[in-house]
Amino acid sequence: MKLALFFSQQPFRFSNPVKKAILRLLVDIGVGDVPSLYKIKQIQKQAVSLCQINPRSLQTSTGKLIYYNSIADTIRLELAKPQIWEHLQFYPTLTDCVSDLSECGKWIHLISSPMVPGIEGSPDIFSNEVYALHDKEDPDQQLGIFYVTTFAYDKEYGDIVLIGYQCNLNGDILIIDQALPVRYSAYDSSTTLVFLDCESFQTFWKTDMAGTLQPREPVRRNSLRERAEGECVLMTPLTVSVDDMSGNESKKWNKYESWNFQFAGLPRQLRDLHENVHFILTSKTASGIESAEAIAACFRELRSGISIFDPIRKKKVTIVACILQTVGDNPMHAVICSKTGLTSSHPCRFCQLPDFQLGTSPDHVAVDLLSYLDPHSSPNYKEGLSASEVKIFLSDLHRRVLEGTITEKEAVSSVASKGIKDWYFQNGLQGKSKIPQMNPLLGRLNEEPFFDLGFDAPIDILHCMSLGLVKYAIRATLSSMKKPQKALLRATINGLDHCGFAKPFNGFELVHYTNSLNGKDLRSFGEIAPFALRNIISEDILNMWINLSAFNALLHIEGIVDMDSYCNELEARQNNLANAILKCDYRWDLIKPKLHILRHAGFYTCRFGPLRSSAAHGQEGKNKFIRYSILGTNRRNTSRDVAIHFAVEAAARHLTSGGYCQLKHNWIPTPSIFWFL
């Protein structure tokens, strides 16, 4: 049993010949009861079957077969561990200092928590429903009518509050007043909330202080009320990541594209641990956007809710999950967001501002460059299309092609003019499909998109800042230095204090191996550059480094007390950096699409909190373990073998961490279940 668990752990991933050699060695040194490799594999299969995390297969619309570990199965397994419930948050947190994803604006305002369970006989409260507030001592006294939109945990009061709007009910007319927001304790002991069935009422929304009324669909019962069947319903947003990696030990060629996910409700320190970055799939033959069909299938299942076991309360709970954000580098973000990418004429996934073009006169260049460096000041600035708008746009183009009003070439050109590049859509046009084909993450025609494309793909400060601007600036600065200047810089760096930096730095490595620096090296150099480069370079270049380091420090902030002040300071630093770059001799080495993308850092910070929470280093670290698994296979069906490896690892970790397993309709803690194996 111990050997089976040992061979299941990622750091000890061995090939079959190595496993057999280890078993023979144990026999030779006199260890008793050494099992065969076949017996170990049988135990591992039993563990996977017991934990109900068997990999699934899916044939994509392009005919490629992939294997994946279902997100729903992984959630069931992970939430059967008591220690996960101690740290995982299911409600967003209202706090004065935004420092993590659980406190971000999107979770609070755009993701609706399904319900709050009632206590002491009081009824459950569901979101997107209307409730009347009554006094408990005098039930006939109505204190108001609320439209509940979501729930949140208020740190100041230490209680769950309902968030919504006040309503007016006149006969069979319901008016929801968005100008009168409500924040009310869901567990107020002096009052009670009574559900109002408003499906037969005419519903209007008052959208401003002037009293403008807009007719809306009637407020219906929350669909999860019937689905839950009396169970508690909780929402757990997920961070989904996609990345490409090499399947070779040399980390060159042999590209695989992998998907992972994390619980957004875990604290950042725990979320980036290897055991909390959960594997979904990897494939060499199917690209990231093709394998996204499996991701869409997973979230289609999670939208309607899955039943899990709560090990704390010892009862069943319904879990609903959605995508909070997608994490990855810029090329992968462009693919899954249906964008043309950094090398195109529309490099930004957030806005539709085209890349600047060298005009026929210096004035044209200056105007284009100013719009590129400060897009919000440009009269041509437009936000990118949302996922719903992209679906409507592509569906309309497909309809017009079928009607013959435009040609396929004109449709493709129209798509490119919007900065959209949808591989499925183009293939569907060529194949004469009668149903518009598009990015699987946009959902089917009658479905809501699973995420909002570029708006839910935050800036990765690792690739945009450390491996972007800082790398460009280091290479340009050192390439312009002579040997005496480099020697002085090397000595200055070695004389600086290393304490508190991401990685201890070495002057010789930073100066002479500039093209081989990794993310931690680049981040450390970006922090020490204003001090190390003083009296070595010109004032203009030093001023650029000072503004670059200050901007870098703002992006890596851990907590934000005043979001408006922070965004204003961020914009001011960006303006100073843009002005300093324009005065540099090597300005064209720095004016790249990543510099433009960083102009949207304020929007993503308001939406997701500090950008440290959206960094990809935790997911990038998972690539090493995926590569270990690939190296341990016979390379015939790596998608299946790697999925099995990670399923076995998840089962072994679950059994050794005190989780619960279902056995004959009963949930039993694993210390009591080892006899079964």
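This section describes salt bridges in a predicted model. Local features were taken at pLDDT of at least 70 and side-chain atom pairs at pLDDT 80 or more, while totals for chains, interfaces and linings use all residues. Residues are numbered from 1 along each chain as its sequence is written, and side-chain values use heavy atoms, with hydrogens and water left out.

With a salt bridge defined as a side-chain nitrogen of Lys or Arg within 4 Å of a carboxyl oxygen of Asp or Glu, the count is 22. One of these joins Arg-56 to Glu-301, with 3.4 Å between the closest N and O atoms. This pair connects distant parts of the chain, since Arg-56 belongs to strand E1 (residues 56–59) and Glu-301 to helix H9 (residues 288–303), a separation of 245 residues. Helices (H or I, at least four residues) and strands (E, at least two) are DSSP runs numbered from the N terminus. Arg-56 and Glu-301 also belong to a salt-bridge network that includes Asp-73 and Arg-76.

Accessibility was classed as buried (under 20% relative accessible area), exposed (over 50%) or partly exposed (in between), using a 1.4 Å probe and protein chains only. Arg-56 is partly exposed at 28%, and Glu-301 is partly exposed at 24%.

In the salt bridge between Glu-257 and Lys-255, the closest N and O atoms lie 3.3 Å apart. Glu-257 is buried at 8%, whereas Lys-255 is partly exposed at 47%.

Asp-396 and Arg-399 form a further salt bridge, with a closest N and O distance of 2.3 Å. Both lie in helix H12 (residues 387–403), and because they are three residues apart, about one helical turn separates them. Asp-396 is partly exposed at 30%, as is Arg-399 at 38%.
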